[in-house]
Amino acid sequence: MVSAALLTTIAVGCCIAAARLRRAEWPVRGPYVAVIAWQALGLAWGISTIGALLAFGLAPYGQGVFGGLIALAGDALSHDLYLSELAGTPFGASQVAAVVLAFGLTLVLFCGLVASFVQVVRVRRRHHDLLELVSRADPEVPGARILDHPAAAAYCLPGVLRSQVVISAGALEVLDSSELAAVIAHEHAHLRQRHDLVLLPFSSLKRAFPRVRVVETYYSAVALLIEMCADDQARRERSAKELAMALLRFGTKGSAAVPAGALAVTAGDQPDVVTRVSRLLNPAEALSRPAAAGVLLAALTLMSTTLALWHLPM
Amino acid sequence: MNRLGDLERAVMDVLWQRNEPLTVREVGRALADRDLAHTTVMTVLDRLAKKGVVARAREGRAWRYRPAASRENYVSELMFDALGQTGDRDAALAAFVRSMSGNEAEALRRALAEIDEPRT
């Protein structure tokens, strides 16, 4: 029961920490560290919530979560489930419910991740097949395929063997050559560092809990941070001003050709592009090394404590 | 892009240019300058059919092939993906900038004007 209480505390703590991280100002100065913090919080929340339910449900075994799971599996294999006998008493019923809920949550999270992955692979394959047929190469724009469409778009199609940066004709029209180079550097950073894989668990979480505002908000927070990471990479090769100008030109051109309303911006929040542009034009001091180390250490402690509590036989 | 992709593109271009369903032989003839073997053209058309971008119907003893959709349709589909208009596809592609509302675009336009001014 002690471990159940502690794991519940961690799960609640993760929610509070996520809400605070969402409002904090330092992630803008250290997007990489912030992304790691988000990953640690998400993972620790999942492990501690499932762990708390199991610790409560398997308490009669008195062997902690891991030991309890092994004992449960042993019981299930050898004879009638130990839990089914317990279900007769009112206390036992709630414990059975907790174990069932824990398995259900694990299944939802796991299936969500698999479904997201399958969906992403399918969309990318179709996209790549079509791209191969209708895009063209341009000697003036090395390292990218051109799509003849008047709207402005620049994006990357991640993949192990077939990654690709794509620029639309509309984008070529509004960008000068140095801005274009900055955009391509930004997209190549996404491909090189496989930012899509970082975002995948968060998008699958969004998929597993549709219409939950909090999940949606956290997803867009991480997505914005990842864009900032790519901005920072591009800034090593090109000037920040070129990138900011490219962002602005995209913003003003794109809206003319594209129906509005797809972007989920909550009222009162600054739009993502504006945040990115102002960050590029007025760069704040990068997160100090001790501060970054502090956050990473906290993330590591959180993860190891949560996992250790799975083994606590109390 | 590889050689196969190049061939597929050439074959699709032929099908898009001609407004009628074509046989393998006719496609091969249209690409006479490439000097392709009959089986090569057949393989390429077969691959395209498997990908669902080409539809085929039997006429007499030969298959006739036509594009499943116009070139413009496919370009629009790609742009639709890219600009994040399709709800749960957002993890598949990473767009430089997502589409935005009129107000945001207006704010950006003003910012752009401010930056551009010192230049002129």
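This note covers a core, a helix pair and a hairpin in a predicted model.

1. Conventions. Residues count from 1 along each chain as written, while chains are lettered from A and ligands numbered from 1 in written order. Local features need pLDDT of at least 70, and side-chain atom pairs count only at pLDDT 80 or more, but totals for chains, interfaces and linings use all residues.

2. Core. The largest nonpolar core has 100 residues. Such a core is a set of buried Ala, Val, Leu, Ile, Met, Phe, Trp, Tyr and Cys residues joined through C-beta atoms within 7 Å; buried means 20 or more other C-beta atoms within 10 Å of a residue's own, with C-beta atoms placed from the backbone. Ala55(A), Ala153(A), Val166(A), Val222(A) and Leu45(B) touch the most other members. Helix H2 of chain A (residues 31–57) gives the largest share, 16 residues. Helices are DSSP runs of H or I, at least four residues; strands are runs of E, at least two.

3. Helix pair. H2(A) packs on H3(A) (residues 64–78) at about 60°, axes 9 Å apart. Axes are lines fitted to C-alpha atoms over the stretch in contact, and angles run from 0 to 180 degrees between N-to-C directions. Gly51(A), Leu54(A) and Ala55(A) of H2(A) meet Val65(A), Gly68(A) and Leu69(A) of H3(A). Contact means C-beta atoms, placed from the backbone, within 7 Å.

4. Chain B. Beyond neighbours within four places in sequence, Leu45(B) contacts Val11(B), Val24(B), Val27(B), Val54(B) and Tyr65(B). Val54(B) stands opposite Pro67(B) in S2(B).

5. Hairpin. S1(B) and S2(B) form a hairpin with 2 residues between them. Gly60(B), in the turn, has a positive phi of about 65°.

Conventions
Buried ≥ 20, exposed ≤ 12 C-beta atoms within 10 Å, placed from the backbone. Contact = placed C-beta atoms within 7 Å. Pairing = 2+ DSSP bridges.
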